[in-house]
Amino acid sequence: MRSTQTYESFDVEDATSPPAFHAKLTAYVFLTCVVAASGGILFGYDGGVTGGIVVMEPFAQEFFPSTVGVPDTNFYCKYDDRVLQTFASIMHFTGALAAFPAGYVTAKYGRTRSMTIAGSAFLIGCVWQAAAKRYVALLLVGRIFWGVGVGFADQSVTIYNAEMATPQWRGLLHILFQLATVTGILIAQVINIGTYNIRPWGWRLSLGLASVPGTILLLGGLFLPDSPNSLIERGQFEKGKQVLQRIRGSQQVEEEYGTILAAQEAEKRGGSPWMAILRREYRAQLILAIVLPLFQMATGINAVVFFSPQLFGGIGSFGEGARGGLIASAVIGAVQVGATLVGVVVVDRVGRRDILIEASIQGCLAELALAGLLAYAATDSSAQMSHTASIAAIVLVCVFIASFGWGWGPLAWLVPSEIQPLNTRSAGQSITTFVQLTGGATVGQTFLSMLCSMKYGVFVLFGMSHLLAGLFTCFLLPETRGIPLEQVWLSSVHDAVLRQHSSVSAAWLHQCCVEMESMISLSWHVN
């Protein structure tokens with residue numbers, strides 16, 4: 001029989017009815033989360049600018065001459081260049097590695113300290129890339145700095161916004177990060193259209209303008225308050241309570257403050273976040289921290305975003321050649337921004353699971369239909385499809401992008417940040433960031449070669465990944481909508497809370513993990 005514990009008026013035994021905290025969405029916390037979410041613009045701007053500057057002839061002649069002057073006779077094999085793919089992927093590989101020291105800094109020194117490092121690294125990378133000449137290595141150094149910035153930003157901003165938000169509005173405020181990401185993509189794509197004809201230095205302007213979101217994040221890290229959870233985690237109890245009162249717009253914060261204290265006490269007992277997340281009781285959190293961003297990348301979103309100018313250069317509905325591809329990319333970016341705005345509206349009304357299931361079905365059907373269309377209308381010997389087929393292809397890509405915009409795009413970041421208790425949160429977010437960026441780097445490094453060799457089959461692969469993601473969500477993902485952050489996985493209550501909010505209890509996932517581990521251990525002993 002469970003024992004009853006009370007933390008500052010929070011009755012753990014009554015966990016199935018989470019307390020109604022005295023919290024409202026204040027202008028202060030909204031603006032705070034908006035500034036913090038500028039870290040998403042860093043990530044998105046890179047994704048939008050990379051593919052665009054590659055098709056600018058002055059840039060290509062200086063750094064990737066092997067892609068210039070190649071006869072444009074094959075729809076699928078336009079830019080199959082290893083060094084070019086390394087340029088696209090190295091930022092993600094670096095960001096993945098930076099996620100681990102970022103987790104340490106975020107836990108030890110606070111969320112805003114990591115934001116300061118992210119903004120500084122991105123500014124250095126902007127200057128380095130915009131000033132680069134002749135040697136690809138100079139570009140790659142700048143992108144390494146960008147990777148450090150993205151790794152620290154992804155690690156800190158997602159945690160920061162989740163902790164600053166009220167339970168009722170956590171989904172909305174957290175999706176601001178994804179909204180900033182897709183807005184950054186669109187801004188970069190529009191800038192690329194404008195700088196395309198500025199020769200020979202238009203590409204330098206495209207890269208240099210990334211300093212704007214970097215500066216915003218740097219200033220945010222310097223002047224924003226740290227989250228109450230982080231302050232309390234580091235022993236600054238009174239300051240943490242004061243910040244909590246300020247962001248909630250009320251002096252009556254004892255219940256929420258008590259849950260944070262309870263989580264902080266559990267953290268003390270749990271020891272190192274990295275040791276804690278490897279323990280059996282947190283095995284479900286570890287699996288979700290890995291699987292959700294893996295499915296996000298397996299949808300193929302980075303392939304479309306990174307290389308959309310190259311991909312759409314063969315579609316031709318917005319004009320021939322590179323400029324037509326840039327315009328088509330901007331159209332896709334606008335659709336993604338609109339879909340993310342839909343996600344902002346529905347995420348705290350519909351819930352996480354239902355949105356992800358719908359998005360998985362829609363994305364699967366769209367990508368399989370796109371594969372069928374390419375199989376019919378795109379040939380090795382033709383540089384472009386017919387006008388009718390190209391319009392249909394853009395519509396199908398928009399349908400896929402829309403599903404990602406309100407589904408796997410924001411929620412693969414939101415849910416992992418929600419399901420971690422305080423004592424595993426920094427480690428769990430580091431793992432999520434590492435998997436997400438490693439997946440993005442893998443796609444960036446391989447997509448053009450896969451498109452050249454697999455042709456339309458690459459979209460069949462992405463479509464089936466959607467199907468697997470939907471099945472996983474349907475049977476194994478708990479619902480976290482509306483549950484106070486520090487109650488979602490509080491060890492003594494999470495079974496009761498999540499049974500109320502999910503058709504399949506997270507306890508079942510936890511028990512599956514335990515049984516799986518026991519089977520593996522038994523096989524080791526037998527052998």
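Q: Is Glu-256 buried or exposed?
A: In this predicted model, Glu-256 lies in helix H12, which covers residues 254-270. Its relative accessible area is 9%, and because the cut-off for burial is under 20%, Glu-256 counts as buried.

Q: Which residue forms a salt bridge with Glu-256?
A: The side chain of Glu-256 takes part in a polar contact of 2.9 Å, and the closest N and O atoms of the salt bridge are likewise given as 2.9 Å apart. Both members of the pair are buried. The partner of Glu-256 in this salt bridge is Arg-248.

Q: How many salt bridges does the count come to?
A: The rule asks for a side-chain nitrogen of Lys or Arg within 4 Å of a carboxyl oxygen of Asp or Glu. The pair Asp-46 and Arg-143, with N to O at 2.8 Å, is one that meets it. By this rule the count comes to 11.

Q: How many residues apart are Asp-46 and Arg-143, whose side chains meet in a salt bridge?
A: The side chains of Asp-46 and Arg-143 meet with N to O at 2.8 Å. The pair links distant parts of the chain, since Asp-46 belongs to helix H2 (residues 38-54) and Arg-143 to helix H6 (residues 136-164), and the separation is 97 residues.

Q: What is the relative accessibility at which Asp-46 counts as buried?
A: Burial requires a relative accessible area under 20%. Arg-143 counts as buried at 0% relative accessibility, and the value at which Asp-46 counts as buried is 0%.

Q: Which helix holds Arg-425, the salt-bridge partner of Glu-163?
A: Glu-163 and Arg-425 form a salt bridge in which the closest N and O atoms are 2.9 Å apart. The pair links distant parts of the chain, 262 residues apart, with Glu-163 in helix H6 and Arg-425 in helix H21.

Q: Are H6 and H7 roughly parallel or roughly antiparallel to each other?
A: The axes of H6 and helix H7 (residues 170-195) come within 8 Å and cross at roughly 160 degrees. H6 passes H7 in a right-handed crossing. Because angles over 145 degrees count as roughly antiparallel, the two helices H6 and H7 are roughly antiparallel.

Q: How far apart are the end C-alpha atoms of helix H22?
A: Helix H22 covers residues 457-476, and among its buried residues are Phe-459, Phe-462 and Phe-472. At 1.5 Å a residue, its 20 residues should span 28 Å, which agrees with the distance in the model, 29 Å.

Q: What is the C-alpha to C-alpha distance between Ile-124 and Gly-142?
A: Ile-124 is placed in helix H5, residues 111-130, and counts as partly exposed at 40% relative accessibility. Ile-124 and Gly-142 are 18 residues apart in sequence, and their distance in space is 7.2 Å.

Terms used:
Residues numbered from 1 in each chain as written. Predicted model: local features only at pLDDT ≥ 70, side-chain atom pairs only at ≥ 80, totals over all residues. Heavy atoms only, no water. Helix = DSSP H or I, 4+ residues; strand = E, 2+ residues; numbered from the N terminus. Buried < 20%, exposed > 50% of the residue type's maximum accessible area, 1.4 Å probe, protein only. Expected span 1.5 Å × (residues − 1). Axes fitted to C-alpha atoms, helices over the stretch in contact; angles between N-to-C directions. Parallel < 35°, antiparallel > 145°, perpendicular 65-115°, else oblique. Left-handed = near helix turned anticlockwise from the far one by under 90°. Polar contact = N/O pair within 3.5 Å; in protein donor to acceptor, adjacent residues only side chain to side chain.
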